[in-house]
Amino acid sequence: MSYVGRFAPTPSGPLHFGSLVAALASYLDARANNGRWLVRIEDLDPPRTATGSIDAIFSCLDAFGLHWDGTPIFQSQRQTAYQEALEQLRSKGLIYPCSCSRAQFSANPAYICQCLTHPPHQNDVAMRVTLPSQCITVDDAIIGSQTQNLAHDVGDFVVQRKDSLYAYQLAVVVDDAEQNISHIIRGSDLYEQTPRQVWLQRCLNYQQPSYGHLPIITNSQGQKLSKQNLAEPLNLTQAPALLSEALERLGHASPCGLRLAPVEEQLTWAVAHWDINTVPKYMQDPIAFV
């Protein structure tokens, strides 16, 4: 199988340093393996798309020399594909309507949904995938393998929300299959969700990609760098210094003479020296850019 990697940001705001680390790692792994590197905009939830953020993401990647192959795709334009996948699951008897709310589950850890055996009558329902008591093991190139019994550890999860928007778990699986993604390098905040995606891949007869989950970049309070935690946008005028810092965080500190070199020179060196086995499993220190 030829290597195809991807970077799939949510356009809820500008990219921050954690985004740069994830984009850089997936880019380097693709280029070091003579592969293609694609960009997908995960604008699945229109109200969360910040004005101007999509153009800002493209400009930011370009400023750091992270040039993608092909034409980016947008989840907001992929509704037909998600519906077709949902219908496949329905035809196999793998999904069911559910009227339960998040509040019901969060308020009572012992809450058990009865919608599978007692289908709701109202129209505003979510669609959940029904799970067997079966263990899913996923090997990870960075963190190591994990095994989940989805029925016991996760429970039936939503693939279409009550507002008719398709859930991330379904959309990402359909898009990865459509783009022939062979390798996924992303943050470890998604590590525990991977078995759910592998299960959907099996249900839909998709090829399973290889996975590698990067350690999370945190701020001085130990919080994951994120737009929700008000992470500072990347300063494009500091691109060489920030790229050098990102490489160091990935266990690939560049030689002193390259620390402030143009991003193209740093990337050339990094592609030639990339080794995913050198990426640390955990970040030792918080980031100082916030």
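This is a predicted model: local features need pLDDT of at least 70, side-chain atom pairs count only at pLDDT 80 or more; totals for chains, interfaces and linings use all residues.
1. Helices here are DSSP runs of at least four residues, numbered from the N terminus. Helix α8 covers residues 239-249. After α8 comes glycine 251, whose phi is positive, near 80°.

2. How many of the 11 residues of α8 are buried? Eight are, so the helix is mostly covered, given that buried means under 20% relative accessible area. The buried residues are Ala239, Leu242, Leu243, Ser244, Glu245, Ala246, Leu247 and Arg249. These buried residues pack against three helices: α1 (17-32), α2 (53-63) and α9 (263-273).

3. Now the cysteines. The structure holds zero disulfides. A disulfide needs the two sulfur atoms within 2.5 Å. Cysteine 115 is in no disulfide either; its nearest cysteine sulfur, that of cysteine 113, is 3.7 Å away.

4. Are cysteine 113 and cysteine 115 buried or exposed? Cysteine 113 is buried, with a relative accessible area of 19%. Cysteine 115 is buried too, at 6%.

5. Next, the aromatic rings. A search of the whole structure finds five aromatic pairs. One of them joins phenylalanine 7 and tryptophan 37. This pair is stacked, with 6.3 Å centre to centre and 15° between the planes. Phenylalanine 7 sits in strand β1 (residues 4-7) and tryptophan 37 in strand β2 (residues 36-41), so the pair links parts of the chain 30 residues apart. Both residues are buried. Phe7 and Trp37 also belong to one aromatic cluster with Tyr27.

6. Phenylalanine 58 and phenylalanine 74 give an edge-to-face pair, because their ring centres are 6.5 Å apart and their planes stand at 90°. Phenylalanine 58 lies in helix α2 and phenylalanine 74 in strand β3 (residues 73-74), so the pair ties together parts that are 16 residues apart in sequence. Both phenylalanine 58 and phenylalanine 74 are buried.

7. Last, serine 188. Where does serine 188 lie? It is in the loop between β9 (183-187) and α7 (194-203). Serine 188 is partly exposed, with a relative accessible area of 22%. Leaving out residues up to four places away in sequence, serine 188 touches Ile143, His213, Leu214, Pro215 and Ile216. Tyrosine 211 is 23 residues from serine 188 along the chain, and their C-alpha atoms are separated by 10 Å.

Methods: Residues are numbered from 1 along each chain as its sequence is written. Side-chain values use heavy atoms; hydrogens and water are left out. Buried means under 20% relative accessible area, exposed over 50%, partly exposed in between (1.4 Å probe, protein chains only). Helices (H or I, at least four residues) and strands (E, at least two) are DSSP runs, numbered from the N terminus. Contact means heavy atoms within 4.5 Å. Rings of Phe, Tyr and Trp (its six-membered ring) pair if their centres lie within 6.5 Å; planes under 30 degrees apart count as stacked, over 60 as edge-to-face and the rest as tilted.
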